[in-house]
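Keep the picture beside you as you read.

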Amino acid sequence: MAEVQHGPPAGPPNITDSSNNPTCMALFKALPGKVSLPASNGYSASLKSYFSLQEAEITPYCVVSPKDEQDVSTAIKILAAPGSTTKFAIRGGGHTVWKGSANIEDGVTIDMRAINAVEVSEDKTVTSVGAGALWRDVYSVLDAMGLATSGGRAAQVGVGGLTTGGKANSFPVLICTMTY
């Protein structure tokens, strides 16, 4: 009978475990604590959190989890550096069902879920929503202020994917705020 080991791997991840992808190695060094490599808890958690099995089965070289716009900028500069051929995908809520809509095989996935702030302007006419926010985040803030917006029917759907069509938008989406 084979012995099964449970729990996280011993020690910190080895950056050479990421298919020796130089882009992931550069991201790992530039964004400490924000890049998850295969066999790490963060990597597994990101894949397991997708809505569809088709997305969860995709295995990127690494997953970048930015905390703010500076982290996103750093990641994009590395991904778009001269000579880089690494493909990347952007993940908002991760609710789209088709394979490749918010994850990428043999590339880098930028998981925006930590950038989920919802801020309403002082005059309550503009709502700014983070790229990783879910509709539940938006509705909870607006409802508490007596405001509403048209958006997703399911609270666990990401705002970014719904408003951009998750890579397959066939119609424009209008988001407006109204008082009640």
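## From surface to core

Lys-99 is exposed, because its relative accessibility is 54%; exposed means over 50% relative accessible area, buried under 20% and partly exposed in between (1.4 Å probe, protein chains only). Lys-99 sits in the loop between β3 and β4. Helices (H or I, at least four residues) and strands (E, at least two) are DSSP runs, numbered from the N terminus. Leaving aside neighbours within four places in sequence, Lys-99 is in contact with Gln-54, Glu-55 and Ile-58, where contact means heavy atoms within 4.5 Å. Lys-99 and Ala-56 are 43 residues apart along the chain, and their C-alpha atoms are separated by 8.6 Å.

Before going further, note that this is a predicted model, in which local features need pLDDT of at least 70 and side-chain atom pairs count only at pLDDT 80 or more, while totals for chains, interfaces and linings use all residues. Residues are numbered from 1 along each chain as its sequence is written, and side-chain values use heavy atoms, with hydrogens and water left out.

The loop between β3 (88-91) and β4 (108-111) also holds Val-97. Val-97 counts as partly exposed because its relative accessibility is 42%. Together with Phe-51 and Trp-98, Val-97 makes a nonpolar surface patch of about 300 Å².

Now for the inside. In soluble globular proteins, nonpolar side chains tend to be buried together. Which residues have the most contacts inside the largest nonpolar core? They are Leu-27, Val-35, Cys-62, Val-64 and Val-108, in a core of 14 residues. A nonpolar core is a set of buried Ala, Val, Leu, Ile, Met, Phe, Trp, Tyr and Cys residues joined through side-chain atoms within 4.5 Å. At least two residues of this core come from each of α1 (22-30), β2 (62-64), α4 (69-79) and β4. The largest share, three residues, is supplied by α4. Apart from this core lies another, of nine residues, including Ala-133, Val-138, Leu-142 and Val-157.

Look next at α1. Its buried residues are Thr-23, Cys-24, Met-25 and Leu-27, and their cover includes β1 (35-36), β2, α4 and β4. At the start of α1, a side-chain oxygen of Asn-21 comes within 2.9 Å of the backbone nitrogen of Thr-23.

Strand β4 contains Thr-109. Is Thr-109 buried or exposed? Thr-109 is buried, because its relative accessible area is 0%. Its side chain makes a polar contact with the side chain of Asn-103 at 2.6 Å; such a contact is a pair of N or O atoms within 3.5 Å, and within protein one must be able to donate a hydrogen and the other to accept it, while residues adjacent in sequence count only if both atoms are side-chain atoms.

| Residue | Relative accessibility |
|---|---|
| Lys-99 | 54% |
| Val-97 | 42% |
| Thr-109 | 0% |

Finally, step back to the whole chain. Its secondary structure comes to six helices and eight strands. Buried residues make up 36% of its 180 residues.

Methods: Patch = residues over 30% accessible without salt bridge, like charges linked within 9 Å, V, L, I, M, F, W, Y side chains within 5 Å. Areas by Shrake-Rupley, 256 points an atom, 1.4 Å probe, with all protein chains shown as cover. Salt bridge = Lys/Arg side-chain N within 4 Å of Asp/Glu carboxyl O.
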